[in-house]
Amino acid sequence: MAALRRKFGEDYQVVNTNRATTFSAPVKKKRQRFVDKNGRCNVQHGNLGGETSRYLSDLFTTLVDLKWRWNLLIFILTYTIAWLVMASMWWIIAYIRGDINHGHDSSYTPCVANVYNFPSAFLFFIETEATIGYGYRYITEKCPEGILLFLFQSLLGSIVDAFLIGCMFIKMSQPKKRAETLMFSQDAVISQRDGKLCLMFRVGNLRNSHMVSAQIRCKVIKSRQTPEGEFLPLDQCELDVGFGTGADQLFLVSPLTICHEINPKSPFFDLSQRSLMNEQFEIVVILEGIVETTGMTCQARTSYTEDEVLWGHRFLPVMSLEEGFFRVDYSQFHSTFEVPTPPYSVKEHEEKNSLPSPLSTPTPALTEIHSARRDRVFSVDCINISDERRHGGAGGRLPSKLQRMSSSGKEDLQRKVLLLSSQHAEKACSTGDLPLKLQRLSSSPGPEQENRLQLKSLKVGFEPMTQSTGDLYQQSLHPTTLSPAPVPMPSPLLSAGGRPEDNLPAKLRKMNADR
């Protein structure tokens with residue numbers, strides 16, 4: 001077996017194939033805690049050197065901090081030594097005066113009556129110190145040294161009583177035992193609350209007496225390394241449990257669930273369900289308050305390691321409404337149940353939401369297509385609106401034959417504009433809804449190109465006719481400005497500086513001249 005262990009390592013184990021016995025997997029070794037579950041800190045101070053004298057300078061606190069067995073031993077030894085020393089002093093006085101040799105002589109007046117050996121001197125001291133006063137042993141007036149020793153004994157006894165009895169009283173009235181009735185849940189949980197990922201644990205008070213001004217604080221203890229290369233063992237980081245909102249001030253009359261919201265300021269911002277298995281940290285919880293009955297400050301502590309943090313769990317409710325009161329079921333105080341919780345961290349969730357979606361990002365090609373469609377629809381709508389305004393405002397002033405020609409031309413123009421918009425090779429411009437080829441031809445002067453432009457404009461639609469009807473409408477509004485040769489309006493179709501009447505059909509030019 002030793003050879004096998006040397007070959008395969010210390011983790012080598014022999015598995016028994018007997019069905020009657022079962023094999024249990026090795027239990028994971030728990031690491032050393034900084035604070036125990038009962039609140040005791042696992043810290044020992046060593047190699048103090050010459051600093052131990054500081055403990056004697058604060059002797060009262062040193063005695064109070066000692067354990068009970070050491071306090072009782074010091075209490076008994078102090079009184080025993082004091083009694084023996086004072087009894088010895090009384091015996092020395094009797095021995096020096098010769099009272100021991102005349103113990104039973106009635107004609108002799110001793111310093112202390114009926115003290116003739118050490119046991120009698122010890123009994124005299126106990127009777128004097130405890131103010132019992134049996135009356136059999138007493139000091140006489142012929143012993144001034146005995147009177148001085150009696151005064152010293154009274155002062156020393158009062159000091160010793162005040163010191164030792166005060167230490168015992170303070171130790172018995174310490175609020176550490178009050179902390180035993182303050183409960184913390186065995187585990188902490190991580191789940192969602194109000195749509196946010198939170199770390200939660202539960203606290204409770206077993207007594208009916210309240211904790212006045214109860215306040216809770218949390219510390220995360222975790223080793224880390226700074227960017228400069230400095231290693232910080234057991235670095236302490238504050239964990240926010242509602243300091244800014246006042247949620248850390250507790251009204252602890254029933255069990256409460258303390259919640260820490262995991263946000264970018266939290267030390268658990270990048271903690272996920274998978275990384276929780278590899279993390280090493282400890283959450284120290286400190287609950288402070290004033291004991292209502294004694295008025296002394298009480299502090300209760302506990303801690304949670306990474307093994308005691310349950311991901312995706314929630315505490316069971318313990319409050320129930322009875323007839324006339326609320327009932328707390330402490331049997332379910334530590335119980336939890338699983339709830340749906342995302343396994344990723346808050347940091348991963350925010351990074352996932354901050355990434356732009358490829359479906360929601362518009363591309364330049366799609367933007368141009370949508371804008372071209374809007375322009376085409378807008379041009380047709382503008383044609384409809386302008387025609388409605390013309391017919392509504394001055395339709396009654398035009399001749400009936402001209403109104404019929406204008407309406408028929410409008411319908412043909414709309415059909416041809418829609419036909420031109422469906423052809424991607426020739427897009428219409430926004431000024432006159434003309435193809436780009438016509439605009440190129442109109443931009444260069446020349447009689448040959450002017451004739452081609454006139455032919456294509458007649459072939460496209462009735463745009464010159466609509467312009468002439470607009471001119472007629474303007475002339476009807478202002479009859480005083482009529483002249484045989486009106487001033488031509490600027491038009492994209494006029495490339496050689498001619499009049500707009502020259503581009504009209506002969507029949508329309510004749511009607512315009514008659515008008």
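# Legends to close-up views

**View 1. L234, with a relative accessible area of 46%, is partly exposed.** Here buried means under 20% relative accessible area, exposed means over 50%, and partly exposed covers the range in between, with a 1.4 Å probe and only protein chains taken into account. The model is predicted, so that local features require a pLDDT of at least 70 and side-chain atom pairs count only at pLDDT 80 or more, whereas totals for chains, interfaces and linings use all residues. Residues are numbered from 1 along each chain as its sequence is written, and side-chain values use heavy atoms, with hydrogens and water left out. L234 belongs to strand 5; helices (H or I, at least four residues) and strands (E, at least two) are DSSP runs numbered from the N terminus. Its phi is near 55°, a positive value in a residue other than glycine. Most residues other than glycine have a negative phi.

**View 2. N114 is a further non-glycine residue with positive phi, near 65°.** N114 lies in the loop between helix 4 and helix 5. With a relative accessibility of 22%, N114 is classed as partly exposed.

**View 3. T140 occupies the loop between helix 5 (118–129) and helix 6 (144–172).** The residue is buried, its relative accessible area being 8%. When neighbours within four places in sequence are set aside, T140 is in contact (heavy atoms within 4.5 Å) with T109, P110 and C111.

**View 4. A salt bridge joins the side chains of R97 and E145, at 3.4 Å from N to O.** R97 is in helix 4 (residues 68–97) and E145 in helix 6, so the pair ties together parts that are 48 residues apart in sequence. A salt bridge is defined as a side-chain nitrogen of Lys or Arg within 4 Å of a carboxyl oxygen of Asp or Glu. Side chains of opposite charge can pair when their charged atoms come close. R97 is partly exposed at 29% relative accessibility, and E145 is likewise partly exposed, with a relative accessible area of 30%. The structure contains eleven salt bridges.

**View 5. E288 and R217 form a salt bridge through their side chains (3.6 Å, N to O).** This pair connects distant parts of the chain, with E288 in strand 8 (residues 282–291) and R217 in strand 4 (residues 211–225), 71 residues apart. E288 is partly exposed at 25% relative accessibility, as is R217 at 28%.

**View 6. K219 and E238 meet in a salt bridge between their side chains (2.7 Å, N to O).** The pair links distant parts of the chain, K219 being in strand 4 and E238 in strand 5 (residues 231–239), 19 residues apart. K219 has a relative accessibility of 22% and is partly exposed; E238 is also partly exposed, with a relative accessible area of 42%.

**View 7. L56, L59, F60, W68, L72, F163, F169, I170 and M172 make a nonpolar surface patch of about 860 Å².** Helix 3 (59–65), helix 4 and helix 6 are the elements that give two or more residues to the patch. Helix 6 provides the largest share, four residues. Patches consist of residues with over 30% relative accessible area and no salt bridge; nonpolar side chains (Val, Leu, Ile, Met, Phe, Trp, Tyr) are joined within 5 Å and like charges within 9 Å. Accessible areas come from the Shrake-Rupley method with a 1.4 Å probe, and for residues only the protein chains shown count as cover. W68 is located in helix 4 and is partly exposed, at 36% relative accessibility.

**View 8. A surface patch of negative charge is formed by D270, E348, E350 and E351.** Asp and Glu count as negative and Lys and Arg as positive, while His and the chain ends are not counted. The place of a charge is taken as NZ of Lys, CZ of Arg, CG of Asp or CD of Glu. E348 lies in helix 7 (residues 346–354) and, at 41% relative accessibility, is partly exposed.

**View 9. The chain as a whole has 13 helices and 14 strands.** Of its 515 residues, 30% count as buried. Among contacts in the chain with a separation of 6 or more, 64% are between residues 24 or more positions apart. The chain exposes about 34,400 Å², of which carbon and sulfur atoms supply 58%.
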